[in-house]
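Q: Please show me how to read a few features of a protein model, one at a time.

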Amino acid sequence: MRWMKGAAAAAALLVVAMVALVGSAFVGIEGPQSGHTFSDGRVVTVLDGYVACYLVDVGGGRWVLVDACMAPDGGAIRGALAERGGTLDDVDLILLTHGHSDHVGGAPAMGETPVRALAAELPHLEGVQGYGGPLPGLMGAVDTGIRVGTPLVDGEHVAVGNTVIEVFAVPGHTAGSAVFLAHGVLFVGDSASARSGGELEPAPWVFSDDVQTNRASLGVLGKRLQPRAGDVAWIAPGHTTPTEGLSPLLELGL
């Protein structure tokens, strides 16, 4: 019985340590606000628990969804669309910044809506390979049920309706992490987060596969966008309040 008590105590300590690690990753930040809009309402923040996904207006009452939030029933996404007179059927495409469960959970609720992600993320989405980050790695390989027909390519311009969405590969948080630019909003998923003062910082190490690669990728992204800094009015992370302009990303790369 003694060994059982010891095992229980060890498990309890592990849970406490995990909670502390997760909490430390979010100290000094503010979460995104549900319903916050950018670019004259063409981009809408959908808050689902502690994570945000984003609706991108592509004209004619149609939308692209950047990430799929967390709840399997897609409730938060459904509600945001209903407020705008729409339904899940009005979403033409889902673009994934990466495949962690809190960013893809609502995808099954979207029915046959096509999903696209970078090729390097597909083994994780299909349960062939687990993630390497300290906490995600504990989950092992998990098949999300998501199948990507046409993988995204770095530098690709995805045209949907009247909108063109630019794709950037930013490996590090996960091998296939992506950033998207549309309507002046740079969607960075978990590759970066914004502190309450507007400063940007790399992805929390406890959730990330390779923190050095993550930071290097953000530096490269800043250099790619610097000549056209005016194209970026906002940087929108997946778990924190957005920050204005490209400067926070450029300062991170110094």
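The dialogue below covers strands, aromatic pairs and a cavity.

A: This is a predicted model, in which local features need pLDDT of at least 70 and side-chain atom pairs count only at pLDDT 80 or more, while totals for chains, interfaces and linings use all residues. Residues are numbered from 1 along each chain as its sequence is written, and side-chain values use heavy atoms, with hydrogens and water left out.

Q: In which sense do strand 4 and strand 5 pair?

A: Strands of a sheet pair through backbone hydrogen bonds, either parallel or antiparallel. Here strand 4 (residues 62-66) and strand 5 pair in the parallel sense over four bridges; strands are DSSP runs of E with at least two residues, helices runs of H or I with at least four, numbered from the N terminus, and two strands pair if DSSP finds at least two bridges between them. W63 has V91 in strand 5 as its bridge partner. From strand 4 the chain crosses through helix 2 (residues 75-82) to strand 5, and this β-α-β crossover is right-handed, that is, clockwise from the first strand over the helix to the second with the strands pointing away from the viewer.

Q: Why is strand 5 largely enclosed by the rest of the structure?

A: Four of the five residues of strand 5 (residues 91-95) are buried, so the strand is largely enclosed. Buried means under 20% relative accessible area, with a 1.4 Å probe and protein chains only.

Q: How are aromatic pairs described, and how many does the structure hold?

A: A pair of aromatic rings is described by the distance of the centres and the angle of the planes. The structure holds three aromatic pairs; rings of Phe, Tyr and Trp (its six-membered ring) pair if their centres lie within 6.5 Å, and planes under 30 degrees apart count as stacked, over 60 as edge-to-face and the rest as tilted. F38 and Y54 form a tilted pair, 6.4 Å centre to centre with 55° between the planes. Y54 is buried at 2% relative accessibility. The ring centres of Y54 and F187 are 5.2 Å apart and the planes are at 55°, so this pair is tilted. Y54 lies in strand 3 and F187 in strand 10, so the pair ties together parts 133 residues apart in sequence.

Q: Which residues line the largest cavity?

A: Rolling a probe the size of a water molecule over the atoms shows where empty space is left. The lining consists of A52, Y54, V66, D67, T97, F187, G189, A236 and G238. On a 1 Å grid over the protein atoms alone, a cavity is a set of points where a 1.4 Å probe fits but cannot get out, and lining residues have an atom within 4 Å of a point. The volume is about 30 Å³, meaning the space filled by probe spheres set on the points, which are joined across faces, edges and corners.

How values were computed. On a 1 Å grid over the protein atoms alone, a cavity is a set of points where a 1.4 Å probe fits but cannot get out, and a pocket is an open set with protein on both sides within 12 Å along at least five of seven lines; lining residues have an atom within 4 Å of a point. Buried means under 20% relative accessible area, exposed over 50%, partly exposed in between (1.4 Å probe, protein chains only).
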